[in-house]
Structures are given as C-alpha cells and as structure tokens.
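Please read these notes with the sequence and the 3D view open. They go point by point through what can be said about the fold.

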Amino acid sequence: MVLLGPPGAGKGTQAEVLSKELGIPHVSTGDMLREAVKKESPVGKEAKGYMNRGELVPDDVVIKIVSSRLTDDDLKKGFMLDGFPRTVNQADKLDASLEKSDKRLDMVLFFKTSPEVSVERLSGRRVCKKCGKNYHVKNMPPKKEGICNACGGEIIQRKDDSVETVKNRLVVYEKDTRALIDYYKKKGLLREVSGDLDVDGLFQNIKKLLEKENAL
Ligand code: AMP
C-alpha cells in the first residue's frame with residue numbers, strides 16, 4: 001500500500017496505527033532520511049540541505065534507499081509506504097522494482113487535505129527526538145509537556161516544520177507530487193479519504209474502506 005497526500009495530511013500518524021492493525025511495517029522515506037542525517041552517513045550528508053529547505057531529495061538517492069529496504073525479509077508479507085513515491089519518476093521506478101520481485105501495489109490511499117489543515121497540522125507538530133513519535137501542540141499533546149509518552153525522549157519541532165519551509169513543502173507537493181493522483185487513478189489503484197478529519201475519524205474511515213476492499 002502507498003499512502004499519498006500533502007505534507008500534514010496525517011499519513012505518518014495513520015500509518016503508525018494501521019501498521020499495527022494490518023500487521024505490516026510502515027516504511028517512511030522521511031524517517032529513513034532523518035535517521036541518515038542523524039547518523040551523518042553519506043546519504044544523510046547529501047540529503048540534509050534539501051530537507052531543511054523543504055525541497056525533495058534527488059530521486060536517485062531516495063530510490064536507492066527504498067529499493068534496498070524493499071528487499072528486507074520483514075516486508076515479505078507487505079508494507080505501507082509513506083512519503084514515497086513523491087515524483088512520477090519514483091513511481092515508475094517503484095513499479096519496476098516491485099515487478100522484478102514479483103510484487104505489486106494493492107492500493108494507493110490518497111489523503112485529500114485542504115491547505116489550511118496541512119499548515120495548521122505542520123506548524124503545530126512536534127516530534128520525539130529519540131523515537132520519532134509525532135505529537136501536536138493542540139490536537140495530540142504529550143501527557144507531560146516536552147516529554148515523549150512512549151520513550152521519555154525530548155520533544156522538539158522539526159526544522160522543516162517552520163512556517164517558511166512548510167509553505168515551500170506545499171509548493172513542492174503541488175509541483176512534483178500531485179501528478180501521482182492521476183497516475184494511480186489511471187491504474188485503478190487510487191482510493192480517497194478525507195485528510196481533514198481528526199485522527200480517530202480518519203482512522204474509522206480508512207478502516208471502513210479497507211473492510212470494503214477486503215483488506216482487513
Ligand atoms: P516527510 O517526513 O515525508 O515529510 O519527508 C521529509 C523530507 O524528506 C521531505 O521534505 C524531503 O526533503 C525528504 N523526502 C522524503 N521522502 C522523499 C521522497 N520520496 N523524495 C524526495 N525527498 C523525500
């Protein structure tokens with residue numbers, strides 16, 4: 001499954017819950033790249049500037065890390081891709097890579113989200129520095145201010161969630177990623193949910209949709 005939608009659509013939050021419900025791993029290129037930046041690996045060093053500016057990391061870099069992740073044993077029964085593909089070129093490469101290993105996408109879940117909701121979510125988003133768990137200052141605050149419920153780590157704001165960078169990320173989404181809606185519609189894979197709903201409302205809608213598709 002691919003989760004598609006603008007930044008701030010709630011893909012990461014839903015992926016966490018869905019991954020448990022479906023028993024399939026959540027593969028987030030954003031998380032993988034942030035991990036690489038933290039480790040200061042060659043990929044991380046290359047990606048850092050693009051990420052901080054809210055631009056896309058070059059296709060070849062991202063495709064390489066995803067292709068290598070997709071061959072891991074824990075993904076044999078399926079996976080949920082979050083934040084990939086983000087360009088038509090990445091989608092073509094994903095298709096080719098899946099075909100090679102005799103796999104295919106079952107569904108692309110599109111989170112249709114208004115720009116106002118995206119901006120509100122991203123600017124209020126906070127993340128755990130240690131385990132990456134997402135919070136929101138208003139909608140999903142941690143039990144203890146500044147401390148992660150899950151691991152006790154420090155909660156911070158992502159550099160690319162600043163107002164200026166958020167605006168750029170939304171422009172980049174319109175320019176490079178929106179085309180994937182038609183791309184997957186033509187393949188008959190696109191299913192739509194409203195990303196404007198709150199966490200639980202959205203989860204219930206996704207569950208209903210998956211039940212209808214016999215995916216649960
Ligand atoms: P995310 O956590 O999905 O919002 O991703 C954070 C940042 O990582 C993005 O703004 C991009 O700079 C980079 N990134 C994540 N996934 C991709 C991708 N598929 N292609 C290019 N850049 C990506």
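1. Buried means under 20% relative accessible area, exposed means over 50%, and partly exposed covers what lies in between (1.4 Å probe, protein chains only). By that scale Asp 182 is partly exposed, because its relative accessible area is 44%. Asp 182 belongs to helix H8.

2. The model is predicted: local features need pLDDT of at least 70, side-chain atom pairs count only at pLDDT 80 or more, and totals for chains, interfaces and linings use all residues. Residues are numbered from 1 along each chain as its sequence is written, and side-chain values use heavy atoms, with hydrogens and water left out. Helices (H or I, at least four residues) and strands (E, at least two) are DSSP runs, numbered from the N terminus.

3. The largest nonpolar core has 30 residues. A nonpolar core here is a set of buried Ala, Val, Leu, Ile, Met, Phe, Trp, Tyr and Cys residues joined through side-chain atoms within 4.5 Å. Leu 4, Leu 94, Leu 105, Val 108 and Tyr 184 have the most contacts inside the largest core. At least two residues each come from strand E1 (2–4), helix H3 (42–53), H4, helix H5 (88–100), strand E4 (108–112) and helix H8 (179–186). The most are given by H4, with six residues. There is also a second, separate core of 16 residues, and Met 1, Leu 18, Met 107 and Leu 210 are among them.

4. Which residues does Tyr 184 contact, leaving aside its neighbours within four places in sequence? They are Leu 4, Pro 85, Ala 91, Leu 94, Leu 105, Val 108, Leu 189 and Leu 190, where contact means heavy atoms within 4.5 Å. Tyr 184 is buried, with a relative accessible area of 0%.

5. One aromatic pair is found in a search of the whole structure. It joins Tyr 183 and Tyr 184, whose ring centres are 4.9 Å apart and whose planes stand at 85°, so the pair is edge-to-face. Rings of Phe, Tyr and Trp (its six-membered ring) pair if their centres lie within 6.5 Å; planes under 30 degrees apart count as stacked, over 60 as edge-to-face and the rest as tilted. Tyr 183 is buried as well, at a relative accessible area of 14%.

6. Most residues other than glycine have a negative phi, and most peptide bonds are trans. The bond from Phe 84 to Pro 85 is cis, with omega near 0°. Pro 85 sits in the loop between strand E3 (80–82) and H5, and is buried at 3% relative accessible area. Not counting residues up to four places away in sequence, Pro 85 touches Val 2, Leu 4, Gln 90, Ala 91, Leu 94, Thr 177, Leu 180 and Tyr 184. Pro 85 and Leu 180 are 95 residues apart in sequence, with C-alpha atoms 8.3 Å apart.

7. Two residues with positive phi deserve a check in the view. Glu 40 has a phi near 60° without being a glycine; it lies in the loop between H2 and H3 and is exposed, at 57% relative accessible area. Asp 102, also not a glycine, has a positive phi of about 60°. Asp 102 lies in the loop between H5 and E4 and counts as exposed at 74% relative accessibility.

8. How do helices H2 (residues 29–39) and H4 (residues 59–70) cross, and at roughly what angle? Their axes come within 11 Å and cross at roughly 105°. H2 and H4 are therefore roughly perpendicular to each other. Axes are lines fitted to C-alpha atoms, for helices over the stretch in contact, and angles run from 0 to 180 degrees between N-to-C directions; under 35 degrees counts as roughly parallel, over 145 as roughly antiparallel, 65 to 115 as roughly perpendicular and the rest as oblique. Thr 29, Met 32 and Leu 33 of H2 meet Val 62, Ile 65, Val 66 and Arg 69 of H4.

9. Ser 123, in helix H6 (residues 115–124), is partly exposed at 28% relative accessible area.
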